[in-house]
Amino acid sequence: MSAILECRNLSKRYGSKEVLAGLDLTLERGRIIGLLGPNGSGKSTLIKLAAGLLTPSAGEIRVGGFVPGIESKKIVSYLPERTYLNDWMTVRQMVGLFADFYDDFNSAKAYDMVGRLKLDPQAKLKTLSKGTREKIQLILVMSREAELYLLDEPIGGVDPAARDYILNTIIQNYSDNAAVILSTHLIADIERILDEVVFLKDGQVTLHSSVEAVREEKGTSIDGLFREVFKC
């Protein structure tokens, strides 16, 4: 199966600050991948490059064989760290917006998840709790039949019960032809759904391994290894 994401000597600078420094990485389809690292390691920058929101300072990045742009955006579904939907919109209006905007959006799947959460389609975003807002954003992103899902801190501000729902939604709504890249600090909470991990430090990959191999070779959990590698 072809790679969904390929980075070759990828660098990104903001002025004199180098956030990604000659990064090499290949990720395959059919995997849920944890993108892990301390603050400032380059996680969000890499996700934004893959989403086509930033351009590299040097090197190459390919998504499904495409340089990030119009074609790659058709197959990428991106969940940013911050809410970008308008407070005045209802759940129904948000589903309609995504259905109008994305050819691969599955409205039936979205409404099925809305129903299972017992959400009122006429409820306005501003009336909903932070956890419910995050669930709705994830429903919208995961209701696309995309090939790459980029999720930046999808469980950052929600309670443990909501985290379980969000993680189960991720597992149930991607296909073997797709990959999920999930950036988070809450490693212990997401470890159970991961197939692979990528550790970033100072803009470079310091570890890329299957979760199974980490447990067998290191004799520890991903969370335990992370704490050991990145301890202050």
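Author: A polar contact is a pair of N or O atoms within 3.5 Å; within protein, one must be able to donate a hydrogen and the other to accept it, and residues adjacent in sequence count only if both atoms are side-chain atoms. The side chains of Asp104 and Arg144 make such a contact, at 2.8 Å.

This is a predicted model, in which local features need pLDDT of at least 70 and side-chain atom pairs count only at pLDDT 80 or more, while totals for chains, interfaces and linings use all residues. Residues are numbered from 1 along each chain as its sequence is written, and side-chain values use heavy atoms, with hydrogens and water left out.

Asp104 has a relative accessibility of 16% and counts as buried (under 20% relative accessible area; exposed is over 50%, partly exposed in between; 1.4 Å probe, protein chains only). With neighbours within four places in sequence set aside, Asp104 is in contact (heavy atoms within 4.5 Å) with Lys74, Ser143, Arg144, Glu145 and Ala146. Arg62, by comparison, is 42 residues from Asp104 in sequence and 21 Å away in space, C-alpha to C-alpha.

A charge sits over a ring if NZ of Lys or CZ of Arg is within 6 Å of the ring centre and within 35 degrees of the ring normal. Elsewhere, Lys135 lies over the face of Tyr165, 5.8 Å from the centre of that ring.

Tyr102 leads on to the rings. Ring pairs join Tyr102 with Phe98, Phe101 and Phe105 in a cluster. Rings of Phe, Tyr and Trp (its six-membered ring) pair if their centres lie within 6.5 Å; planes under 30 degrees apart are stacked, over 60 edge-to-face, and the rest tilted. Six aromatic pairs are found in the whole structure. One of them is Phe98 with Phe105, a tilted pair with 5.8 Å from centre to centre and 55° between the planes. Phe98 is buried at 6% relative accessibility, and Phe105 is buried at 10%. Phe199 and Phe230 have ring centres 5.5 Å apart and planes at 50°, so this pair is tilted. Phe199 is in strand β8 (residues 196-201) and Phe230 in the segment after α9 (222-229), so the pair ties together parts that are 31 residues apart in sequence. Phe199 and Phe230 are both buried.

Other buried places can be read in the same way. Strand β5 (residues 76-79) is covered on both faces, with Val76 and Tyr78 buried on one side and Ser77 and Leu79 on the other. Ser72, in helix α2 (residues 70-73), has a relative accessible area of 0% and is buried. Apart from neighbours within four places in sequence, Ser72 is in contact with Val63, Phe66 and Val67. Thr169, in helix α6 (residues 160-172), is buried as well, with a relative accessible area of 4%. Not counting residues up to four places away in sequence, Thr169 touches Met113, Leu138 and Met142.

Technical notes:
Helices (H or I, at least four residues) and strands (E, at least two) are DSSP runs, numbered from the N terminus.
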